[in-house]
Amino acid sequence: MPENIDSILSQYSRTLDELIPILQDVQSEFGYIGSELVKKISRYLRISENQIYGVASFYAQFRFTAPGRNSIRVCLGTACHVRGGATLLEMLERGLEITCGETTPDGRFDLERVACLGCCALSPVVQINKNIYSRMTVTKLTELLKVYE
Ligand code: FES
(Lines give C-alpha, C1' and ligand atoms only; values in the text may rest on other atoms or scores of the structure.)
Protein backbone atom coordinates (compact mmCIF):
# COMPACT_ATOMS: atom_id res chain seq x y z
CA MET A 1 0.00 0.00 0.00
CA PRO A 2 1.54 3.31 -1.03
CA GLU A 3 2.07 5.49 1.99
CA ASN A 4 1.22 8.85 0.49
CA ILE A 5 -2.44 7.92 0.09
CA ASP A 6 -2.87 8.94 3.70
CA SER A 7 -1.30 12.32 3.12
CA ILE A 8 -3.58 12.87 0.10
CA LEU A 9 -6.68 11.91 2.09
CA SER A 10 -5.73 14.10 5.03
CA GLN A 11 -6.08 17.16 2.81
CA TYR A 12 -9.79 16.50 2.34
CA SER A 13 -12.79 16.53 4.59
CA ARG A 14 -14.82 13.33 4.88
CA THR A 15 -17.68 14.38 2.63
CA LEU A 16 -18.95 12.93 -0.61
CA ASP A 17 -18.24 16.24 -2.40
CA GLU A 18 -14.56 15.45 -2.03
CA LEU A 19 -14.74 12.14 -3.88
CA ILE A 20 -13.91 13.45 -7.37
CA PRO A 21 -11.00 15.69 -6.28
CA ILE A 22 -9.63 12.80 -4.21
CA LEU A 23 -9.86 10.41 -7.16
CA GLN A 24 -8.13 12.98 -9.38
CA ASP A 25 -5.30 13.41 -6.89
CA VAL A 26 -4.88 9.70 -6.31
CA GLN A 27 -4.79 8.98 -10.03
CA SER A 28 -2.27 11.73 -10.68
CA GLU A 29 -0.06 10.40 -7.88
CA PHE A 30 -0.28 6.67 -8.66
CA GLY A 31 -1.21 6.61 -12.37
CA TYR A 32 -4.37 4.63 -11.65
CA ILE A 33 -6.71 3.89 -8.78
CA GLY A 34 -6.02 0.31 -7.73
CA SER A 35 -8.45 -1.69 -5.59
CA GLU A 36 -6.43 -1.14 -2.41
CA LEU A 37 -6.65 2.60 -2.95
CA VAL A 38 -10.40 2.40 -3.58
CA LYS A 39 -10.71 0.52 -0.29
CA LYS A 40 -8.80 3.24 1.53
CA ILE A 41 -10.91 6.01 0.00
CA SER A 42 -14.07 4.11 0.84
CA ARG A 43 -13.04 3.81 4.48
CA TYR A 44 -12.01 7.43 4.66
CA LEU A 45 -15.25 8.81 3.18
CA ARG A 46 -17.38 6.10 4.83
CA ILE A 47 -19.02 5.11 1.57
CA SER A 48 -19.06 1.74 -0.16
CA GLU A 49 -16.55 0.78 -2.82
CA ASN A 50 -19.46 0.24 -5.21
CA GLN A 51 -20.53 3.82 -4.68
CA ILE A 52 -17.06 4.98 -5.66
CA TYR A 53 -17.01 2.87 -8.82
CA GLY A 54 -20.55 4.02 -9.62
CA VAL A 55 -19.72 7.72 -9.37
CA ALA A 56 -16.37 7.34 -11.13
CA SER A 57 -17.92 5.48 -14.05
CA PHE A 58 -19.44 8.78 -15.22
CA TYR A 59 -15.94 10.14 -15.77
CA ALA A 60 -13.83 8.64 -18.54
CA GLN A 61 -10.69 10.10 -16.95
CA PHE A 62 -10.44 7.53 -14.15
CA ARG A 63 -8.49 4.30 -14.52
CA PHE A 64 -8.93 1.44 -12.07
CA THR A 65 -6.44 -0.92 -13.67
CA ALA A 66 -2.70 -0.57 -14.20
CA PRO A 67 -1.81 0.84 -17.62
CA GLY A 68 -0.53 -1.63 -20.24
CA ARG A 69 2.88 -1.59 -21.90
CA ASN A 70 1.22 0.20 -24.83
CA SER A 71 -1.56 2.74 -24.51
CA ILE A 72 -4.10 3.03 -27.30
CA ARG A 73 -6.20 6.20 -27.53
CA VAL A 74 -9.01 6.22 -30.04
CA CYS A 75 -10.24 9.67 -30.99
CA LEU A 76 -14.00 10.06 -30.88
CA GLY A 77 -14.12 13.80 -31.44
CA THR A 78 -16.65 14.93 -34.02
CA ALA A 79 -14.41 14.69 -37.09
CA CYS A 80 -13.07 11.27 -36.13
CA HIS A 81 -16.47 10.02 -35.04
CA VAL A 82 -18.13 10.80 -38.38
CA ARG A 83 -15.25 9.15 -40.23
CA GLY A 84 -15.42 5.85 -38.39
CA GLY A 85 -13.72 6.34 -35.02
CA ALA A 86 -16.45 4.40 -33.25
CA THR A 87 -15.99 1.44 -35.59
CA LEU A 88 -12.28 1.40 -34.79
CA LEU A 89 -13.02 1.45 -31.08
CA GLU A 90 -15.53 -1.40 -31.39
CA MET A 91 -13.02 -3.44 -33.33
CA LEU A 92 -10.39 -2.88 -30.64
CA GLU A 93 -12.77 -3.71 -27.81
CA ARG A 94 -13.79 -6.93 -29.54
CA GLY A 95 -10.29 -7.88 -30.64
CA LEU A 96 -8.57 -7.15 -27.33
CA GLU A 97 -11.57 -8.29 -25.26
CA ILE A 98 -11.47 -5.22 -23.04
CA THR A 99 -13.50 -2.04 -22.81
CA CYS A 100 -12.29 1.53 -22.49
CA GLY A 101 -10.34 2.12 -19.31
CA GLU A 102 -9.17 -1.49 -19.11
CA THR A 103 -5.90 -3.30 -19.75
CA THR A 104 -5.51 -6.65 -21.50
CA PRO A 105 -4.77 -9.52 -19.07
CA ASP A 106 -1.28 -9.94 -20.59
CA GLY A 107 -0.56 -6.24 -19.95
CA ARG A 108 0.15 -5.60 -23.62
CA PHE A 109 -2.42 -2.85 -24.26
CA ASP A 110 -4.66 -0.49 -22.43
CA LEU A 111 -7.46 1.28 -24.21
CA GLU A 112 -9.07 4.68 -23.89
CA ARG A 113 -11.15 7.04 -25.96
CA VAL A 114 -10.33 10.71 -26.19
CA ALA A 115 -12.29 13.75 -27.31
CA CYS A 116 -9.91 15.26 -29.89
CA LEU A 117 -6.24 14.71 -30.58
CA GLY A 118 -5.94 18.05 -32.38
CA CYS A 119 -5.37 16.73 -35.90
CA CYS A 120 -8.94 16.51 -37.19
CA ALA A 121 -7.91 16.89 -40.86
CA LEU A 122 -6.24 13.47 -40.56
CA SER A 123 -9.27 11.73 -39.09
CA PRO A 124 -9.98 9.13 -38.01
CA VAL A 125 -6.98 9.19 -35.73
CA VAL A 126 -5.61 6.64 -33.27
CA GLN A 127 -2.70 7.27 -30.93
CA ILE A 128 -0.52 4.43 -29.67
CA ASN A 129 1.93 5.57 -27.01
CA LYS A 130 3.34 8.80 -28.49
CA ASN A 131 2.64 7.93 -32.13
CA ILE A 132 -0.30 9.37 -34.02
CA TYR A 133 -1.78 7.27 -36.82
CA SER A 134 -3.98 9.07 -39.30
CA ARG A 135 -6.79 8.02 -41.65
CA MET A 136 -7.05 4.71 -39.88
CA THR A 137 -9.08 1.79 -41.08
CA VAL A 138 -9.87 -1.50 -39.36
CA THR A 139 -7.40 -3.26 -41.70
CA LYS A 140 -4.57 -0.78 -41.06
CA LEU A 141 -5.18 -0.89 -37.34
CA THR A 142 -5.15 -4.70 -37.24
CA GLU A 143 -1.74 -4.71 -38.93
CA LEU A 144 -0.45 -1.92 -36.74
CA LEU A 145 -1.20 -3.75 -33.50
CA LYS A 146 1.20 -6.53 -34.51
CA VAL A 147 4.09 -4.06 -34.27
CA TYR A 148 3.51 -3.51 -30.57
CA GLU A 149 4.63 -6.10 -28.05
S1 FES B 1 -11.73 14.94 -33.74
FE2 FES B 1 -10.19 13.46 -33.83
S3 FES B 1 -8.41 14.63 -33.99
FE4 FES B 1 -9.96 16.09 -33.73
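# Close-up views of a predicted model

Figure 1. Ala56 belongs to helix H4, which runs over residues 49–56. Leaving aside residues up to four places away in sequence, Ala56 touches Leu23 and Phe62. Leu23 is 33 residues from Ala56 along the chain, yet their C-alpha atoms are separated by 8.2 Å.

**Figure 2. The whole chain, for orientation.** The chain has seven helices and four strands. Along the sequence, these elements follow the pattern α-α-α-α-β-α-α-β-β-β-α. Two domains are assigned: domain 1 covers residues 4–56 and domain 2 covers residues 70–145. Their C-alpha centres lie 29 Å apart. Taken along the principal axes, the C-alpha atoms of the chain fill a box of roughly 50 × 30 × 25 Å. The chain has 149 residues, of which 22% count as buried. Among contacts with a separation of 6 or more, 58% are between residues 24 or more positions apart.

**Figure 3. Helix H2 and its buried side.** Helix H2 consists of twelve residues, 19–30. From the first C-alpha to the last, H2 reaches 16 Å, close to the 16 Å expected at 1.5 Å a residue. Which residues of H2 are buried? They are Ile22, Leu23 and Val26. These residues lie on the same side of H2, because they cover an arc of only 100° around the axis. The buried residues of H2 pack against helix H1 (4–9), helix H3 (35–45) and H4. Leu23, one of the buried residues of H2, is also a residue that Ala56 touches. On the other side of H2, Pro21 and Ser28 are exposed. Gly31 follows H2 and has a positive phi, near 90°.

**Figure 4. The four-stranded sheet.** The sheet is open, its four strands are in the order E2-E1-E3-E4, and the pairing is mixed. Strand E2 (109–114) and strand E4 (131–133) are the edge strands, each pairing on one side only. From one strand to the next, the twist averages 20°. Helix H6 (residues 85–96) packs on the sheet and touches strand E1 (70–75), E2 and E3. The direction of H6 makes about 145° with that of E1.

**Figure 5. Strand pairs within the sheet.** In which sense do E1 and E2 pair, parallel or antiparallel? E1 and E2 pair in the parallel sense, over six bridges. Within this pair, Arg73 has Glu112 in E2 as its bridge partner. E1 and E3 pair in the antiparallel sense over three bridges. Here Val74 stands opposite Val126 in E3. Strand E3, residues 126–128, also pairs with E4 in the antiparallel sense, over three bridges. In that pair, Gln127 stands opposite Ile132 in E4.

Figure 6. Ser123 and Pro124 are joined by a cis peptide bond, with omega about -5°. Pro124 is found in the loop between E2 and E3.

Figure 7. Asn129 is not a glycine, but its phi is positive, about 55°. Asn129 sits in the loop between E3 and E4. This residue counts as exposed because 10 other C-beta atoms lie within 10 Å, and the limit for an exposed residue is 12 or fewer. Arg135 is not a glycine either, and its phi is positive at about 45°. Arg135 lies in the loop between E4 and helix H7 (138–145). Is Arg135 buried or exposed? With 12 C-beta neighbours inside 10 Å, Arg135 counts as exposed.

Terms used. Residues are numbered from 1 along each chain as its sequence is written. This is a predicted model: local features need pLDDT of at least 70, side-chain atom pairs count only at pLDDT 80 or more; totals for chains, interfaces and linings use all residues. Domain bounds come from an automatic or database domain assignment. Two strands pair if DSSP finds at least two bridges between them. Helices (H or I, at least four residues) and strands (E, at least two) are DSSP runs, numbered from the N terminus. Axes are lines fitted to C-alpha atoms, for helices over the stretch in contact, and angles run from 0 to 180 degrees between N-to-C directions. Two residues are in contact if their C-beta atoms, placed from the backbone, lie within 7 Å. The expected span of a helix is 1.5 Å times one less than its number of residues. A residue is buried if 20 or more other C-beta atoms lie within 10 Å of its own, exposed if 12 or fewer, and partly exposed in between; C-beta atoms are placed from the backbone. The arc is that of the directions from the helix axis to the C-beta atoms.
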